[in-house]
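User: Hi! I would like to learn how to read the features of a structure like this one. Could you walk me through it?

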Amino acid sequence: MRPPSYKAVVDEFAASIRSGRLPAGTRLPTHRALARERRIALATATRVYAELAAMGLVVGEPGRGTFVRVRADYDGLEPSRALPVPRVADLSFNQPLSEGQAGLLRRALRALSVAGEAEALLRQDPPGGRPHDRAVVATYLLDRGIDTPPANVLLTSGTQQALDCVLRSLTRPGDVIAVDAVSYPGIRVLASAHGLELAPVPVTATGTDLAALDRLCRTRPVRAVYAMPTCTTRSDGSSTGNGVTGWSPSPAPMTS
């Protein structure tokens, strides 16, 4: 049987510590015992504990051994936030909802560390993103039926910057933007900054009320429509999908 790589051993220990299977204060095997148990070299066992220590998960005490670290103070690791009821979204904290993402992140960071681009990652990206990153996004979109070249992909620092770029490109002060009656709060901030009027459109159980949107477009000079088709979030924090706490826009025009 082929011995496991040191990365596999690190991931196994890290998962056991974070899940509580190895509680704080647990004494871990000595370097020699670990090497013997896992059929790895002594230097590899030492490397395993060194990486766990760098991750803030264990601490070595001379003459006593290696122990699972007691995380009494904030050290960059959030406490477990297990939900009491399955399939209920905790909207009070922005965190990944899928299990196993921490392992994916560790593998991605390791891949970056050996990709030969570590120094480039420390420099400011060019406007719109690096060519490689834009090509990755273009490939992702192509797989979902959107055929656009990488040159047409613009990477932003987040949703708010993306919306700001779109509004700067498509609208002028005084324009009317149709939005769901319950929508992303950030759109209101941008509308106020750009002097735009938000015209609310009712939301049904299946999404934006298209008949109401049609009537609005026939009576008002609507310049653009902002909708969230994958999510309907109410202002009381309850949600029919994944999203952030909603906000109901006023039908009155907003000016900067």
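This is a predicted model: local features need pLDDT of at least 70, side-chain atom pairs count only at pLDDT 80 or more; totals for chains, interfaces and linings use all residues.

User: Thanks! With which residue does D214 form a salt bridge?

Analyst: A salt bridge is a side-chain nitrogen of Lys or Arg within 4 Å of a carboxyl oxygen of Asp or Glu. In this model the partner of D214 is R218, with the closest N and O atoms 2.8 Å apart. Both residues lie in helix 9 (residues 210-219), four residues apart, or about one turn of the helix. Helices here are DSSP runs of H or I with at least four residues, strands are runs of E with at least two, and both are numbered from the N terminus. D214 has a relative accessibility of 36%, so D214 counts as partly exposed.

User: How many salt bridges does a search of the whole structure find?

Analyst: The search finds seven. One of them joins the side chains of R106 and D11, at 3.3 Å from N to O. R106 lies in helix 4 and D11 in helix 1 (residues 6-19), so this pair ties together parts that are 95 residues apart in sequence. Both R106 and D11 are buried.

User: And how far apart are the closest N and O atoms of D164 and R168?

Analyst: They are 2.7 Å apart, and the two residues form a salt bridge. D164 and R168 are four residues apart in helix 7 (residues 159-170), so about one helical turn separates them.

User: Which residues of helix 8 are buried?

Analyst: In helix 8 (residues 186-194), the buried ones are G186, I187, L190, A191 and H194. They cover an arc of only 135 degrees around the axis, which puts them on the same side of helix 8; the arc is that of the directions from the helix axis to the C-beta atoms. On the other side of helix 8, V189 and A193 are exposed. Contact means heavy atoms within 4.5 Å, and the cover over the buried residues of helix 8 includes helix 7, strand 3 (176-180), strand 4 (197-201) and strand 7 (222-226).

User: What is the phi of R39?

Analyst: Most residues other than glycine have a negative phi. R39 is not a glycine, yet has a positive phi of about 55 degrees. R39 sits in the loop between helix 2 and helix 3 (42-54) and counts as exposed at 51% relative accessibility. Just after helix 8, G195 also takes a positive phi, of about 70 degrees.

User: Which residues form a nonpolar patch on the surface?

Analyst: Patches are made of residues with over 30% relative accessible area and no salt bridge, joining like charges within 9 Å and nonpolar side chains (Val, Leu, Ile, Met, Phe, Trp, Tyr) within 5 Å. Here L105, L109, L112 and L121 form one, with about 350 Å² of accessible area together. Accessible areas come from the Shrake-Rupley method with a 1.4 Å probe, and for residues only the protein chains shown count as cover. Helix 4 (residues 101-113) supplies the largest share of the patch, three residues.

User: Finally, what does the secondary structure of the protein come to?

Analyst: It comes to nine helices and seven strands. Of the 256 residues, 28% count as buried.

How values were computed: Residues are numbered from 1 along each chain as its sequence is written. Side-chain values use heavy atoms; hydrogens and water are left out. Buried means under 20% relative accessible area, exposed over 50%, partly exposed in between (1.4 Å probe, protein chains only).
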